[in-house]
Amino acid sequence: MGFLHQLPLLSAVCAAILALGGVFRPRRLASNWAFVGGMLALAAESACTALSVDPALAPANMIAMQDWRLVSAAFVPGFWLLFSLTYARGNADTFIREWRWTLLAAFILPVAGAGLFFHRLVVSGGHGGIADYWVFPFGMPAIFLSLVMLACAVLVLMNLERTYRASVGTIRWRVKFMLMGIGLLFGVRIFTLSQSIIFRSADVALEDLNSAALLVAGLLAVRSFLRSGRIEVDVYPSHSVLQG
């Protein structure tokens, strides 16, 4: 198995370690638990990606692992949208109240859709145009799930960018690596989700790109922890900044 085939497994281990580190951090804030939940969801998604291309599996089992990958991915939008609304914001409660319906939709719609239509997410599997890579055509529920995740990824980037703009001086110096890492992660996911929607399938080559982005984001998150000394610092962005 080449290095590219090992990327999903490496990124799953990286995300799981970061989630474990978040559990033992001293502060028990919403952003901390959102970070833990989001990293666990990403770890499960990457692990299922790695298992879905195991040559020892039968094609039907590969498709089943892709179904489970999408179920794991369904938990990503809610946790990371919550993180983007609360990370480095001293007035996070205000934004949670104002975004409560969007947050509920980000948690409920993807998970409910993936659970109710589990056996209709991935309809088949086969080799793509590149040797040793598999392509898994989507059913309509998986396309809907991808659309919801794409919209939430845009909202996550929007909120992170507003937080960065509201921070100044030392606080910006302390949070920028975390914002860069998560921003990179969701910037790449916007591209890969767009490709999945356009071609109505999951290409494992694109999943390797997601895995690489997760590894880089993990390294930047570790750098942010070392720089800030904790996962949360207090920024109070005004509503005028967030209405841009």
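Buried means under 20% relative accessible area, exposed means over 50%, and partly exposed lies in between, with a 1.4 Å probe and protein chains only. Keep that in mind for the first stop.

This is a predicted model, in which local features need pLDDT of at least 70 and side-chain atom pairs count only at pLDDT 80 or more, while totals for chains, interfaces and linings use all residues. Residues are numbered from 1 along each chain as its sequence is written, and side-chain values use heavy atoms, with hydrogens and water left out.

**Stop 1: helix 4**

Select residues 76-86, which make up helix 4. Helices here are DSSP runs of H or I with at least four residues, numbered from the N terminus. How many of the eleven residues of helix 4 are buried? Ten of them are, so the helix is mostly covered. Among the buried ones you can pick out W80, F83 and the leucines L81, L82 and L85. Now step on to A88, which follows helix 4 and has a positive phi, near 65°.

**Stop 2**

Next, show the side chains of R69 and E45, which meet in a salt bridge at 3.4 Å, N to O. The term stands for a side-chain nitrogen of Lys or Arg within 4 Å of a carboxyl oxygen of Asp or Glu. R69 sits in helix 3 and E45 in helix 2, 24 residues apart, and the pair links distant parts of the chain. R69 is buried, at a relative accessible area of 4%, and E45 is buried too, at 4%. The search of the whole structure finds five salt bridges.

**Stop 2: the cavities**

On a 1 Å grid over the protein atoms alone, a cavity is a set of points where a 1.4 Å probe fits but cannot get out, and lining residues have an atom within 4 Å of a point. Volumes are the space filled by probe spheres set on the points, which are joined across faces, edges and corners. Four cavities of 30 Å³ or more turn up in the whole structure.

The largest cavity holds about 100 Å³ of space. Of its 13 lining residues, R69, L193, S196, E207 and N210 are the closest to the centre. Helix 3 (59-73), helix 7 (140-166), helix 8 (169-199) and helix 9 (204-228) each supply at least two lining residues, and helix 8 gives the most, with four.

Move to the second largest cavity, of about 70 Å³. Which residues line the second largest cavity? Select L42, E45, S46, T49, L185, R189, E207, N210, S211 and L214. Helix 2 (30-52), helix 8 and helix 9 each give two or more residues to this lining.

**Stop 3: along helix 7**

The side chains of E161 and R165 meet in a salt bridge at 3.9 Å, N to O. Both lie in helix 7, four residues apart, about one turn of the helix. An α-helix has 3.6 residues a turn, so residues three or four places apart point the same way. E161 also meets R162 in a salt bridge, at 2.2 Å, N to O. Buried or partly exposed: which is R162? R162 is buried, at 11%, whereas E161 is partly exposed at 34% and R165 at 46%.

Key:
On a 1 Å grid over the protein atoms alone, a cavity is a set of points where a 1.4 Å probe fits but cannot get out, and a pocket is an open set with protein on both sides within 12 Å along at least five of seven lines; lining residues have an atom within 4 Å of a point.
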